[in-house]
Amino acid sequence: MKMSVKKKIWVPILAVALLVTASSFKSDFFEIAKQIEIFTTLFKELNMNYVDETNPGELMDSAIKNMLDELDPYTRFLNEQDVEAYKINNAGEYSGIGALVRSYESKLVVVEPYKGYAADKAGLKAGDEIIKIGETKVADFDDNASELLKGANNTSVEVTFVRQGQTKTATITREGVEVDAVPFYDMIDTKTGYIVLSRFNEKASGQTKSAIQDLKGRGAERLVLDLRGNPGGLLSEAINVTNLFVPKGELIVTTKSKVKKFNQEYRTRNQPEDENIPLVVLVDGKSASASEIVSGGLQDLDRAVVIGARSFGKGLVQRPLKLTYGTQLKVTISRYYTPSGRCIQALDYWHRDAEGNAVRNTDFKEYTTKNGRKVWDGGGVMPDVAIKSLKTNSLIDALQDNNVVFDFATNYFYDHSFANMDDFTFSDADYNAFKKYVQEQNFTFQTKTEELLEQSINADDSLLGAEVQEKYKDLLLAVNRGKISALDSYKNEIKKLLEDEIITRYFYREGLYQYFLDHDDAILTAKELLADNSKYASILK
């Protein structure tokens, strides 16, 4: 009798639930269809009736990009060229000139020529400004002109570039370029191995595994895995890299989405390469996404000590969805959670401030690792051991974003010569030259304090008299003086950026990593910690 009562109650409830779900779906579907019809009508009428000729492709591209900008910076429309670039980035192979370039409206700037590849063999250097590719002026090219540098193997392209005020030309023969996930590994000392993992493409776990095996063959009894500057990549490779150090069947990531099929648990599938070797993971503010899955996962499982500075804080997962005409939508489908249950997403793109900027999370929740250590969500992966020289702030970010460090290093390269790395020293006199260079460039940036002060000064408030307004202006002047003196306050942090950029100019990326082994604060700290078994164990327990 009780069963029949339950049945009578359950069936109506289930029916109501299904009705609500179906109604919700129909409502959403109707709203989507309605908005598409409005937009289609608008787009047609605009292109037919606007006073001047329109470019439907450009209009649509702008409309899509502006629409997606309302969401988050990772949800992006990929045209056919973007789709190809996305595949290349994941595969780690492409055909081109073998150089990292930065695109501007009127030029392409060579950021880094890869050692031994086409651009390097043709004599291009970091800081060279490419203004013409073949017969095409970069300033006249609507799309990203760097696409013109790509092409089939053994085809040639002539580039015209400006170096230190002089215009030069070079003919570059394109070739296949291998983008290694592990560009460098070596021994720090007789017992400590060092591996740089710079990206999570399809080669990441395989190359990391090979590096571990080789280093252990050379006597490594402990490891340092460097994820600094690693922007992430494939989720699957993040799981596989973590799996090299933890047992089969361990939960590494949980993804949660409004779409049920995207709610998944990702566990390790293979036997580990070495689940006992003492391990340190290095991170900084540019370690993001897959780097945070690895570092956060190993931290939560108490499998590694994390050293460095707080990571970027990207706890969102994207997936490419195929559209028509070879295009795709790379869309944020879920948030990911580390083994302890925390999401390390730092910026809230769904709650923005008055200026439309994403709000940074400041209310962190506490979680515990496998051994009961305290960790927190919402602000990236916090290191177990902080390295002061890796910390950043608005001044340091502005110096990099405005290419002040980069441009100074370019000039330094042409003013100094070194036979080998041991001859290089960035002296106090060199740093004073940098400070003078900063002031000569009229370098400016606005702090949050300045923004608030200026808003107060410009506010039309009858309660603020002339005397108060003058006080505000005095405060602004004091802030400006503070920014100049901050070049001294953050000398060590800025000096490291300068040294890294300059070393790369002379001895390429490989030379920089070799320089790190004896000079980098984080590596030296990791080396010392790993040599002290009791201290290493005490951090994890």
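Author: Helix H2 (56–69), strand E17 (316–322) and strand E18 (328–337) each contribute at least two residues to the lining of the second largest pocket, where helices (H or I, at least four residues) and strands (E, at least two) are DSSP runs numbered from the N terminus. The model is a predicted one, in which local features need pLDDT of at least 70 and side-chain atom pairs count only at pLDDT 80 or more, while totals for chains, interfaces and linings use all residues. Residues are numbered from 1 along each chain as its sequence is written, and side-chain values use heavy atoms, with hydrogens and water left out.

With six residues, E18 gives the most to this lining. The second largest pocket has 19 lining residues, and those nearest its centre are Lys258, Val331, Thr332, Ile333 and Ser334. A pocket, on a 1 Å grid over the protein atoms alone, is an open set of points where a 1.4 Å probe fits, with protein on both sides within 12 Å along at least five of seven lines, and lining residues have an atom within 4 Å of a point. The space in the second largest pocket comes to about 460 Å³, taken as that filled by probe spheres set on the points.

Six of the strands form an open sheet with mixed pairing, in the order E10-E11-E12-E15-E16-E23, two strands being paired if DSSP finds at least two bridges between them. Strand E10 (184–187) and strand E23 (385–386) stand at the edges with a single partner strand each, so one side of each has no neighbour in the sheet. Strand E12 (residues 222–226) and strand E15 (residues 279–283) run parallel and are joined by four bridges, and Leu223 has Leu279 in E15 as its bridge partner.

Helix H7 (residues 290–300) packs on this sheet, where H7 touches E12, E15 and strand E16 (305–308) and makes an angle of about 140° with the direction of E15. Helix H5 (residues 204–217) lies across E10, strand E11 (192–196) and E12, at about 160° to E11. Contact means heavy atoms within 4.5 Å, and angles run from 0 to 180 degrees between N-to-C directions of lines fitted to C-alpha atoms, for helices over the stretch in contact.
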